[in-house]
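Here are my notes on this model, as numbered points. Have the structure open while you read.

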Amino acid sequence: MVQWVQDQIRYMAYSTGLDEESTKIVVCLLLSFPLSALFKRLPDNKYTLKNLVVIGVSFFYIFIILELKGGFVTLLISTTFTYLITKYLKSDLMPWFNLAFLMGHLCINHLKAQFWQAEYDPTKIDITGAQMVLVMKLSSFAWSYRDGKLLKRDSKAFQEKLNTYQRSRVVVEYPSILSFLGYAFFFPSLLTGPSFDYSDYQNFINTELFSDVPDTKRPGKRRKRMIPKSGRIAFAKVVQGAAWAAIWITSLNYITTDYLFTVEYQQKPLIVKGIVLTILGFTYRLKYYAVWLISEGCCILVGIGYNGYDASTGKFYWNRVQNIAPWEFETGQNVRTCLEAWNMNTNKWLKNFIYLRSAKNNKPGFLSTLLTFATSAFWHGTKPGYYLSFVSGAFYQTIGKIFRRNIRPIFTTKDAEPVTRYKTLYDIISWIVTHLAFGYLVQPFVILEFKKSIKVWSSVYFFPHIAIGIILFAFKGPFSRSVTGFLRKYHLKSKGESETISAPKKDTITVHPNASDASLIPEYDNQEELNQPIILPEIDFSKEDYDELMNKIDELQKLRSSKDFSLIENEEKQALYEALDSLSKDIGKVMGKIRSFKSD
């Protein structure tokens with residue numbers, strides 16, 4: 001049987017012009033659609049049967065289509081280790097030990113592929129892709145189970161230390177080995193993702209995920225099924241994926257990475273080189289759009305993509321495992337928007353299980369950001385290009401924050417009332433700069449080799465890196481007070497906003513209505529606190545007010561030391577001293593609250 005299947009795959013590869021590796025992946029993706037349609041028709045209460053079918057289909061893919069016996073052992077080692085360590089190691093550091101093993105195991109395979117693998121074999125699948133997806137799933141499970149133990153031990157700490165997403169994904173009861181294997185080897189996302197949390201899989205298998213679906217919306221005539229119909233939505237995702245794939249394949253006839261190393265490219269003007277890098281960056285994204293959208297369609301069809309029902313509109317939401325938003329990325333006007341629209345489930349994992357977990361006293365800073373980008377690079381592989389792109393990406397985010405806090409308020413306010421007449425021009429320039437910057441940033445991610453990556457960056461004179469250095473010097477260096485103070489003079493004020501110094505508004509922290517109940521999965525996962533980086537009060541704005549205040553105090557000090565001070569009338573001096581006394585008391589209160597916050 002195996003030989004017959006392989007003969008058919010070779011024939012398909014020859015007919016389509018694809019290599020055998022890509023053909024095998026496409027076959028698995030396409031087979032997942034009819035198999036998903038059959039799966040959702042299994043009896044809702046046959047949990048063991050469902051898990052067995054999930055595992056059986058994945059084993060068929062691994063052993064019959066992909067011929068990955070060694071790859072299966074690799075995935076099984078990681079799965080077994082996580083299952084045992086989470087069950088028997090009682091330390092709060094258990095998730096970190098688990099992550100260290102998973103990343104180390106993945107690193108070994110990355111290194112084997114980089115240094116010890118023979119010449120590229122187009123007939124064999126690289127197992128590290130599936131292993132990368134598994135690392136996210138297994139490491140998130142370890143944290144979720146640890147959070148479940150925290151909930152049992154100290155519910156107050158559970159509420160205070162975890163965000164809404166983390167509380168909603170908690171695992172209280174340890175799963176059976178069959179359920180855990182079903183989670184690890186979930187066939188629609190086995191090779192390409194998307195990743196998701198164990199609580200999602202558990203609620204999918206026991207159909208609690210669909211508890212809000214009205215009886216009138218449940219399919220089936222004689223026996224009503226819990227999983228609603230999703231064929232049209234799934235098909236639409238496949239069509240989108242196929243369209244992106246067609247554009248990608250067509251683009252290969254016109255431009256590839258090899259063009260960057262030609263004499264013709266090297267002789268182009270700087271602006272043309274930047275445009276070429278931007279176009280190439282777009283073509284790189286196309287294949288990811290294709291694979292992720294098709295894989296998401298499989299997950300929607302099987303049912304795990306379900307994300308709630310809106311009774312007021314009669315609309316179903318199917319974005320639980322959404323991994324990419326092409327339109328949002330391509331129209332993004334800043335780094336943050338683009339990153340949130342790209343590889344979204346990996347971003348959730350990095351945010352909730354690396355970035356926030358590594359923060360000291362729940363206060364993430366630049367080191368947390370740098371660690372997160374470094375982890376992302378290490379997760380992708382050991383080749384230098386990943387680190388060049390991801391470490392630079394950390395600085396991109398920092399620059400983005402500086403611009404949002406200092407430049408954007410010149411053209412609009414947070415509530416977009418008012419905006420200047422130059423706002424449209426600002427948006428256009430922001431879009432151009434953002435995508436030019438991304439075109440530069442992603443080249444090492446694709447090229448991978450250090451010397452070649454540096455050569456491409458040097459072809460545009462490292463312009464983005466030089467710009468980063470200048471901006472950091474201006475806003476973080478010795479003249480930062482003067483620069484920020486100058487820009488703040490031109491910041492727009494929202495309607496009704498006071499001219500006086502004010503504390504950050506409380507509603508800048510997003511609070512989920514069900515945040516106090518960890519047993520409730522949020523209705524929809526397309527909420528800010530679940531899909532975006534954590535939202536905190538803009539403390540830097542308060543710091544800028546402080547800088548402005550310090551400048552005024554310095555002016556007063558100079559005046560106090562001058563002869564002109566004696567010319568001021570005593571009544572004005574007395575009013576000044578009273579104002580300073582009042583200010584001193586207020587600052588004392590602020591310092592007391594800061595000390596109390598840090599001690600908590």
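1. R218 counts as buried because its relative accessibility is 11% (buried means under 20% relative accessible area, exposed over 50%, partly exposed in between, with a 1.4 Å probe and protein chains only). Its salt-bridge partner is D215, at 3.3 Å from N to O (a salt bridge being a side-chain nitrogen of Lys or Arg within 4 Å of a carboxyl oxygen of Asp or Glu). D215, at 59%, is exposed.

2. A word on the source: this is a predicted model, where local features need pLDDT of at least 70, side-chain atom pairs count only at pLDDT 80 or more, and totals for chains, interfaces and linings use all residues. Residues are numbered from 1 along each chain as its sequence is written, and side-chain values use heavy atoms, leaving out hydrogens and water.

3. K237 and E296 also form a salt bridge, 3.4 Å from N to O. K237 is buried at 15%, and E296 is buried at 1%.

4. The structure holds 14 salt bridges.

5. R357 meets D147 in a salt bridge at 2.8 Å, N to O. R357 sits in the loop between helix 16 (344-355) and helix 17, while D147 is in helix 6, 210 residues apart. Both are buried.

6. Helix 6 is largely enclosed by the rest of the structure, because 20 of its 26 residues are buried.

How values were computed: Helices (H or I, at least four residues) and strands (E, at least two) are DSSP runs, numbered from the N terminus.
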